[in-house]
Structure formats: structure tokens, C-alpha cells
Amino acid sequence: MAEESGPLDHPFAALQPALILDMVEAAGVQADGRLLALNSYENRVYQLGVEDGTPLILKVYRPGRWSDGSIIEEHAFARQLAGHDIPIVPPISLDGHTLHHAAGFRFALYPRRGGHAPELDQAATREWLGRLLGRLHTVGEAAEFAHRPLLDPDVMGRQSRDWLLEAGWIPAALAGAYRAVTDELLSAIDEAWARAGQSAAVRLHGDFHPGNILWTQAGPHLVDLDDCRTGPAIQDLWMLLSGGRAERTLQLSDLVAGYEQFREFDPRELHLLEALRTLRMMNYAAWLARRWHDPAFPAAFPWFGSERYWDEHVLALREQLSAMQTPPLAV
């Protein structure tokens with residue numbers, strides 16, 4: 001598989017410490033020279049030391065991924081949520097702007113917040129997160145995104161599958177099996193969407209997994225709205241579920257019990273749960289392949305792209321097809 005470019009050709013290669021400090025100082029922040037790279041792959045994220053102040057978090061957006069309008073809309077959504085006392089970390093406004101441009105990059109600054117992952121084995125934690133999501137979606141349904149994408153099963157599923165095949169990422173020995181299982185999955189996803197009917201689409205966090213939830217003694221606060229979009233509410237619930245069917249049913253019941261204190265949950269969306277999991281699996285494989293020219297990806301995911309990886313991926317998709325053929329969870 002030919003890479004699109006070498007490490008030195010990638011736009012992020014220019015993002016050296018001296019340039020980063022110049023960028024933030026041009027935005028009006030007096031950095032003290034301390035710069036710590038944090039785990040992030042889609043964008044570049046740093047903890048930034050500030051003279052006579054608390055460190056900030058600097059997020060440099062991947063060039064070409066989002067339009068300025070999409071990023072500004074993400075920021076506005078975060079600030080709107082914060083304005084409704086929903087515990088989220090919004091970007092800092094400097095001279096009336098949250099999105100800044102310098103040296104061909106776009107970036108934002110955030111307050112630094114600590115915390116740990118939520119204890120999802122606790123019913124009280126799950127109910128708390130359900131209440132939080134009910135409040136978030138109540139704000140989310142009050143307006144619409146103009147620039148952020150719709151959660152689109154065709155883009156995440158069919159287009160991801162077709163791109164991987166056309167770009168030659170699937171080994172020849174597995175291409176037939178991959179195409180066959182994804183054909184069945186895509187049909188099953190379409191059927192799941194039809195069974196869900198006309199359930200409401202709302203503005204979502206979009207990537208509501210435990211890594212984007214920071215818990216303190218005061219409770220949770222949310223970070224990273226980079227994937228916020230419009231879609232079914234269950235997209236923000238299903239990634240909190242784990243274990244066998246009985247465990248997931250109990251977990252979902254606790255989440256919905258909290259959720260419905262603020263917003264009604266549409267049970268038709270339960271038909272989408274395994275469809276959304278399948279779409280995430282298919283999209284994730286395509287995302288890794290599309291980013292492979294970024295040197296951070298081969299370093300972080302050395303197992304990706306091997307024949308063993310694709311063999312296991314096809315097996316996981318077959319297991320997912322079985323999961324989609326079982327009745328949905330009930331609450």
C-alpha cells in the first residue's frame with residue numbers, strides 16, 4: 001500500500017515547539033515555554049504552560065478535515081451547553097474569537113480540567129450520565145446544526161467499505177469474504193434504520209465514550225466535541241454499554257432511567273444500537289487507513305493493516321452480523 005506522503009511531508013511535521021509558541025503568543029497568550037504533547041491522533045493536543053497562570057490545553061485542528069464554519073459551530077454548541085449549566089469544557093474566547101489561525105493552522109485553547117474515567121459498573125454513575133445526556137439532548141434538539149454533518153450510515157458504512165476495497169487495503173485472499181459480510185451488514189443496517197422509523201435527530205456529542213468523560217468529586221464533565229453531529233439520541237448512549245446481553249440490558253435501563261428525568265427516550269432507537277456499533281467498526285478501519293500517511297498512526301497502531309488484522313476484522317464483522325440478527329435490547 002503506497003502512502004500518500006512521507007513523515008516530513010505531512011502538514012503536522014511543521015508543528016514544531018517554536019512555531020506552536022509563536023502561534024499562541026500571536027493569539028494573545030503569554031506562554032512560558034512548557035509544552036507537553038497529549039494523546040491525540042486526529043488533531044494535535046498539548047498542555048501549554050502560561051506565565052503567571054494555570055496551564056491551558058491547546059488543540060490544533062487537522063488541516064482539511066473541517067471547515068471554519070464547522071469548527072465555530074462546534075465551539076458555539078459547547079458554549080451553549082455550558083450556558084445551560086451542562087458540565088462541558090468550552091473553548092476560551094480571546095478578543096471575541098474561539099478559533100484562531102496562524103502559520104496555516106487553526107487552533108483553539110481550553111481550560112485544563114482534571115478527572116478520571118467514570119465507574120460504569122455503578123448504577124448511580126450510569127443514572128447520572130443518563131441525566132446528563134437527557135439534559136444535553138434537550139439543548140441539542142432546540143436548534144439545528146448548519147455546518148456539522150449528519151450521522152449518515154451510507155458515509156460511515158458503505159463509503160468506508162468501498163474506499164477500503166478500491167484503495168487496495170483488503171488483502172486479495174480476504175477481499176471476497178470482506179465484501180460478502182459487509183454486503184449483508186449494510187443491508188441489515190438499512191433494515192434497522194427502517195425499523196427505527198422517523199425517530200428524532202438531535203445535536204449530539206457524537207463520540208460519548210468513557211475517555212471523553214472526566215469524573216471528579218463534583219461529578220462528570222465532558223470534553224471533545226470534535227465529532228459532534230446530528231443523529232439519533234442512542235448514539236450517545238450505546239458506547240457506555242459493555243458485557244453480555246443481561247449486563248448491557250441492566251446498564252441501558254439505568255441510563256434510560258436517568259435520561260427520562262429530562263427527555264423522553266424513543267424505544268424505536270433500540271433497533272439502531274448494533275447498527276451503530278457496526279458502523280463504528282467499519283468507519284474506524286477506514287479512518288486508520290485514510291490517516292496512515294500521518295506518521296503518528298503507524299507508530300500508535302503498528303498492528304493495523306496486516307493480513308492478521310484484516311482476518312480478525314472480517315471475523316468481528318461476522319460476529320456483528322449475528323448480533324444484528326438477534327432481537328434488540330429492551331428497557
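Reply: Happy to. This is a predicted model, so local features need pLDDT of at least 70 and side-chain atom pairs count only at pLDDT 80 or more, while totals for chains, interfaces and linings use all residues. Residues are numbered from 1 along each chain as its sequence is written, and side-chain values use heavy atoms, leaving out hydrogens and water.

The average pLDDT (the predictor's confidence in each residue, from 0 to 100) is 95, and 97% of the residues score at least 70. Residues 1–6 are below 50, and this stretch has nine contacts (heavy atoms within 4.5 Å) beyond near neighbours in sequence. Where pLDDT is low, the predicted coordinates should not be read in detail.

Now to the sheet. Helices (H or I, at least four residues) and strands (E, at least two) are DSSP runs, numbered from the N terminus, and two strands pair if DSSP finds at least two bridges between them. The sheet is open and has five strands in the order E1-E2-E3-E5-E4, with antiparallel pairing. Strand E1 (31–38) and strand E4 (100–102) are at the edges with a single partner strand each, so one side of each has no neighbour in the sheet. From one strand to the next the twist averages 35°.

Take the E1 end: E1 and E2 run antiparallel and are joined by five bridges. They form a hairpin with five residues between them, and Ala31 stands opposite Val50 in E2. Further along, E3 and E5 also pair in the antiparallel sense, over five bridges, with Leu109 in E5 as the bridge partner of Leu58.

Two helices accompany these strands. H2 packs on the sheet, where it touches E3, E4 and E5, and its direction makes about 5° with that of E5. Helix H1 (residues 17–26) lies across E1, E2, E3, E4 and E5, at about 120° to E1. For these angles, axes are lines fitted to C-alpha atoms, for helices over the stretch in contact, and angles run from 0 to 180 degrees between N-to-C directions.
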